[in-house]
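Hi,

Here is the structure I promised to pass on. Have a look at it first, and then read my notes below.

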Amino acid sequence: MALRLVANFDLRKDVLPWLQAQRAASAGAGVPDGGADVLENNYESLHVLNVERNGNIIYTYKDNKGNVFFGLYDCQTKQNEHLYTFEKDLQVVSCSVNSERTLLAASLVQSTKEGRKNELQPGSKCLTLLVEIHPVNNVKVLKAVDSCVWVQFLYPHVDSHPLPESHLLLISEEKYIEQFHIQVIQEDGNRVVIKNSDHLPRERVAEDFVWAQWDMSEQRLYYIDPKKSRSILKCIQFCADENFNLMFEAPLDVSLSNSGFKLVNFGCGFLQDQEKLPKYPTLCVFTNRTGSLCVCYSPKFDSWEQVTYSVFYFHKGYSKTFTAALGSAHSHVTKGITFLNLDYYVAVYLPGHFFHLLNIQHPDLICHSLFLTGNSEVIDMLPHSPLQSLSGSLVLDWCSGKLYRAFLNQSYLLEFLWSTRLDWEKMAVLHCMLACGRDPEFLEAKIIQWISENISACYLFDPIQEFIIASSYWSIYPETSNMDKLLPYSSVLTWNTEIPGITLVTEEITLPLMKVHSFKNYWEKLNANLEYVKYSKPHLYYKNSVVRREWHSLISEEKTGKRRSKVYVRNILDNAVKVISNLEAKTLVSEPRLAPLFQEEDNHQRLLVGLMVSELKDHLLRHLQGVEKKKIEQMVLDYSSKLLDLICQILETSWRKHNLHPWVLHFNRRASAAEFAVFHIMTRILEATSSLFLPLPPDLDNTEKNEKLKFSIVVRLPPLIGQKICRLWDHPMSSNIISRNHVKQLLQNYKKQPRSSVIDKSSFSVEFLPLNYFIETLTDIESSNQALHAFIGHDNVDAKFVEEAALKHTTMLLGL
């Protein structure tokens, strides 16, 4: 399947054996009824309560008397620890442990089993406790109220020493959030107790909200304040000390006023009836280290024929609302939509119906996201139980008690790339692999192999262009922020082809209003994204076509001998030398190349490489404020080297696949099928780079050896293919071939007519009698009515073109 879930923790494997060992030890020690007291025989009460920021997992279970046990699984040591036992038959709502494991907070309600007496204080429904557990000592009642309460300790970014103060959030069903400040002291050696437990300072953090989400990794609280006109999404950032800041407010066009009270990632709570899940809206917030901010929303299902979900890309300034077809009115939906955070992607899936990988970094075009539908293996292999996306790529299955790390499955995506026949799926999978692949070199080699076998299988995009642009982009993207705004990510700029099974509507949205003025880390990147959306239109993507005029100018000056400052040209060529040296240094450890590259000067391509380096460096220096010049220069060098290296790899792969040695192509024999295949790849590379005006590795262009190599192949190609190739090859040799074909067509039905032997020499640029006579003859034929039809659609090739081609070819042969 496209999504690979790797279990980091399994309640039945990582906790249950330890509990069974505890039971056996108690029985062996002669503890009365020890086996039954430790754990129920069927273990149905064992379930996960919470996952803390450090990865530790809190779980609970009951004995046959209903006593509630709290345990902790340490993800680092892989060891279990018994925390506390509450000797009353209650049901746990929420539990959290501070980072030092000295305090435990728990919220419990009356058991739902019939016949149970009320174990709580009179008139109360929910009991919230704060317990000293190092060692187990005093218990303080924080709240005894008639509404549910959830608890969560804050985990500051300070791990060097134990802190004297812990901070605890209490989230009430009555729609407010409080923060308790709990100071601890040590008594009698290592015993930790609460200081002034009767007077714990507290403050109100938020109120009047209907939805809240906890980000355990980044210590952020998101909540929605329902206003009359529209909902307002707010975010609070908790700091290492006791301070917290309201970071932003963002209008959110969703309706939650009639949906009741909903919490996300505050422990397991009460799982709703699975049959009722589609009737409730789903909403969650996802971020990543690049400064993205996405809100995913699925309203209540009101149809069994289609499902609608929206993604608010606040870091891009727009939202996209998708409508996915479910098949028919009989395709009953019993599960809710699940959103999973996969860093650069968000996975949206409805078990048994569809799976959608949304590109978060580049969501503009639908073809860069993968949409799969139907009862395929991809969809059915995903868990059908509700999954909760925690921070990063962690995914918790509350029902089974399994904690997963979610990845995109490289092996499956590669197989899918080979098997699918749809261009939009090929493009989406290509980008998924390059963005999320864990072994870039391996993936690039596999993609190149696919390109070599499927060079003509894509109709809506050029696979060579797309691979070169996307792979070069990802090779330096992680090095600095804002690179997604400055470098091209795809060769495709627009996409108008509909994708079956899904439609979308894109709308501009109001940007978040930042409530602070000093930014660090994630907030600095988010603010930069928002500023870009506000002020940077049109896009700032680099296009190598900006050097086209300068490159042609330099080549023209070289031919005429009127070249400008030698220092300027030398700097341009020095840039190329650095790129080629950087590229060759990276390939020293690999096998020697079979393809004949980097063996001659090829100044034209070196000029283009050098110009690209110069222009790209200026482009990044203008827009990457605060980044060192040396770092930018190295990024440009790496990017340019990568681009050329990918072209080399494509050619080298083809060369090795057909087992050709470097100078296999000759004039003295007919080309083999392998040689034709390699040459086809070469022409497709030329075509791909030409339209984007990208440089080629030196020696793939018009050096003397390569001219002979190309000409040896062109003359043996079928006539129609040869003519097409020649029009792509801007060189005197190709002009010579085009001229020959044109002359052949003019003269094949030519009948010599009496004519004057006097030639008007003034009309010719060069006084060379045989050529002058021949060109005048061609001109006469072209001027006749009988020949007009012969050169329609032949790129305006005429006698003048033939004359110029003949002179250029003669000059080239004479070395003038």
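Let's start with one side chain: that of aspartate 74 reaches the backbone nitrogen of threonine 77 at 3.2 Å. That is a polar contact, meaning a pair of N or O atoms within 3.5 Å; within protein, one must be able to donate a hydrogen and the other to accept it, and residues adjacent in sequence count only if both atoms are side-chain atoms.

Before going on, some ground rules. This is a predicted model, in which local features need pLDDT of at least 70 and side-chain atom pairs count only at pLDDT 80 or more, while totals for chains, interfaces and linings use all residues. Residues are numbered from 1 along each chain as its sequence is written, and side-chain values use heavy atoms, with hydrogens and water left out.

Back to aspartate 74, which sits in strand 4 (residues 68–74). Strands (E, at least two residues) and helices (H or I, at least four) are DSSP runs, numbered from the N terminus. With a relative accessibility of 11%, aspartate 74 counts as buried. Buried means under 20% relative accessible area, exposed over 50%, and partly exposed in between (1.4 Å probe, protein chains only). Leaving aside residues up to four places away in sequence, aspartate 74 touches Asn56, Gln79 and Arg101, where contact means heavy atoms within 4.5 Å.

Strand 4 runs antiparallel to strand 5 (residues 79–86), and 7 bridges join them. Two strands pair if DSSP finds at least two bridges between them.

Strand 32 pairs with strand 18 (residues 244–252) in the antiparallel sense over 2 bridges; methionine 514 in strand 32 is the bridge partner of phenylalanine 248.

Another open sheet has 5 strands in the order 20-21-22-23-31, with antiparallel pairing. Its edge strands, strand 20 (282–287) and strand 31 (502–508), each pair on one side only. From one strand to the next, the twist averages 15°. Axes here are lines fitted to C-alpha atoms, for helices over the stretch in contact, and angles run from 0 to 180 degrees between N-to-C directions. Inside this sheet, strand 22 (residues 306–313) and strand 23 (residues 318–325) run antiparallel and are joined by 8 bridges. Tyrosine 309 stands opposite phenylalanine 322 in strand 23.

Cysteine 294 lies in strand 21 (residues 293–298), and is buried, with a relative accessible area of 1%. What does cysteine 294 touch, not counting residues up to four places away in sequence? The list is Cys284, Val285, Phe286, Val311, Phe312, Tyr313, His315 and Ile360. Cysteine 294 and phenylalanine 314 are 20 residues apart in sequence, yet 6.1 Å apart in space, C-alpha to C-alpha.

On to the helices. The axes of helix 6 (residues 440–453) and helix 13 (residues 629–657) come within 10 Å and cross at roughly 60°. The two are therefore oblique to each other: angles under 35 degrees count as roughly parallel, over 145 as roughly antiparallel, 65 to 115 as roughly perpendicular, and the rest as oblique. The residues making the contact include Glu444 and Ile448 of helix 6 and Leu646 and Ile650 of helix 13.

In helix 4 (residues 410–419), the buried residues include Tyr412, Leu413 and Phe416. At the start of helix 4, a side-chain oxygen of asparagine 409 reaches to within 3.2 Å of the backbone nitrogen of serine 411.

Most residues other than glycine have a negative phi, and most peptide bonds are trans.

- Histidine 134 and proline 135 are joined by a cis peptide bond, with omega about -5°; proline 135 is in the loop between strand 8 (126–133) and strand 9 (136–145).
- Aspartate 343 has a positive phi of about 70° and is partly exposed, with a relative accessible area of 25%.
- Phenylalanine 693 also has a positive phi, of about 55°, but is buried at 7%.

Happy exploring!
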